[in-house]
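Dear colleague,

Here is the structure we spoke about, handed over with its sequence. Could you look through it alongside the notes that follow?

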Amino acid sequence: MRVSRLYVSLSLKPNEQVELDDDSGHYVRTVLRLKKDDAIILFNGNGGEYICELGEVSRKTVLVTVKSWNGRSVESPLSVTLGLGISRGDRMDLSVQKAVELGVNQITPLITERCVVQFKGNKKLQRLLHWQKIAQHAAEQSSRTVLPELTEIAALESWVSNQQGLTVFLDPYAELSLAELQPDDMKVTLLTGPEGGFSDQECSIAKAAGFIPVRLGSRILRTETAAIAALAAVQMLWGDFRT
């Protein structure tokens with residue numbers, strides 16, 4: 001029987017008891033429907049995971065006893081940063097979710113010229129928290145023990161000037177493919193656009209910052225498909241899909 005996994009932003013140590021916050025407690029009690037003495041795995045995103053047992057499970061509190069630590073890791077040897085042009089609704093949610101499953105290390109949502117999503121008032125913070133929650137659940141379900149970083153929303157021009165490793169952006173009309181490149185230090189930065197792709201000016205900005213335009217085959221992919229395909233491709237070429 002598979003043991004449920006849960007991310008918690010807590011310090012965890014064997015032989016200690018911790019109390020889950022309201023959201024995590026509700027999830028354990030109402031969604032997972034776990035009971036006292038049931039096993040659960042907790043991880044705090046810093047590597048490894050903790051084998052635990054539920055103590056009290058009530059509407060008021062959920063207590064967990066930490067039994068032991070497991071240093072298991074499923075991280076790829078390839079470090080991948082993703083600059084993700086913000087797309088609408090479910091498309092963005094899907095891109096974030098699948099990026100985490102595919103082993104991304106850092107995601108930055110990017111505002112681009114053709115971004116159709118508008119952020120008014122505190123909407124920017126709300127959307128960021130929403131995407132962080134999606135990343136958290138994806139890490140739980142994909143058995144990762146390190147939680148990828150989802151950074152603050154940024155403008156494309158400022159973001160491209162601060163990236164390292166092999167830096168590439170997706171362009172269906174590019175001459176090069178990913179297979180023709182090679183990262184020197186096992187670091188890859190991918191830049192993918194929103195619906196409608198990048199403008200000519202944005203392509204020029206990315207190139208000036210050292211980003212190499214690459215294509216993914218001969219077909220034009222939707223924004224959410226392009227991000228997923230690119231991440232799978234780099235893991236196959238240089239990451240843990242080879243093993």
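Serine 143 lies in the loop between α3 and β8 (149-150), where helices (H or I, at least four residues) and strands (E, at least two) are DSSP runs, numbered from the N terminus. Although serine 143 is not a glycine, it has a positive phi of about 70°. Most residues other than glycine have a negative phi. At a relative accessibility of 23%, serine 143 counts as partly exposed; buried means under 20% relative accessible area, exposed over 50%, and partly exposed in between, with a 1.4 Å probe and protein chains only. Methionine 186, in the loop between β11 (176-177) and β12, also has a positive phi, near 60°, and with a relative accessible area of 27% methionine 186 is partly exposed.

Please keep in mind that this is a predicted model, in which local features need pLDDT of at least 70 and side-chain atom pairs count only at pLDDT 80 or more, while totals for chains, interfaces and linings use all residues. Residues are numbered from 1 along each chain as its sequence is written, and side-chain values use heavy atoms, with hydrogens and water left out.

Strand β12 (residues 187-192) is mostly covered, since five of its six residues are buried. Strand β6 (residues 79-85) runs parallel to β12 and is joined to it by six bridges, with glycine 83 having leucine 191 of β12 as its bridge partner. Strand β10 (residues 166-170) also pairs with β12 in the parallel sense, over four bridges, and here leucine 166 stands opposite valine 188. Two strands are taken to pair if DSSP finds at least two bridges between them.

There is also an open sheet of five strands, in the order β1-β3-β4-β5-β2, with mixed pairing. Its edge strands are β1 (5-7) and β2 (17-19), each of which pairs on one side only, and the twist averages 40° from one strand to the next. Three bridges pair β1 with strand β3 (residues 39-43) in the parallel sense, and leucine 6 stands opposite leucine 42 in β3. Helix α1 (residues 22-31) packs on the sheet, touching β1, β3, β4 (49-57) and β5 (62-70), and its direction makes about 165° with that of β1. Helix α3 packs on the sheet as well, touching β1 and β3, at about 150° to the direction of β1. Contact means heavy atoms within 4.5 Å, and axes are lines fitted to C-alpha atoms, for helices over the stretch in contact, with angles running from 0 to 180 degrees between N-to-C directions.

Helix α3 (residues 123-141) packs with helix α2 (residues 89-101) too, at an angle of about 35° and with their axes 8 Å apart. Among the residues making this contact are Met92, Val96 and Val100 of α2 and Trp131, Ile134 and Ala138 of α3.

As for the cysteines, the structure holds zero disulfides, a disulfide being a pair of cysteine sulfur atoms within 2.5 Å. Cysteine 115 is in no disulfide, and the nearest cysteine sulfur, that of cysteine 203, is 16 Å away. Cysteine 115 is buried, with a relative accessible area of 11%, and cysteine 52 is buried at 2%.

Finally, isoleucine 205 has its place in helix α5 (residues 200-208) and, not counting residues up to four places away in sequence, touches Leu156, Glu157 and Val160.

With best wishes
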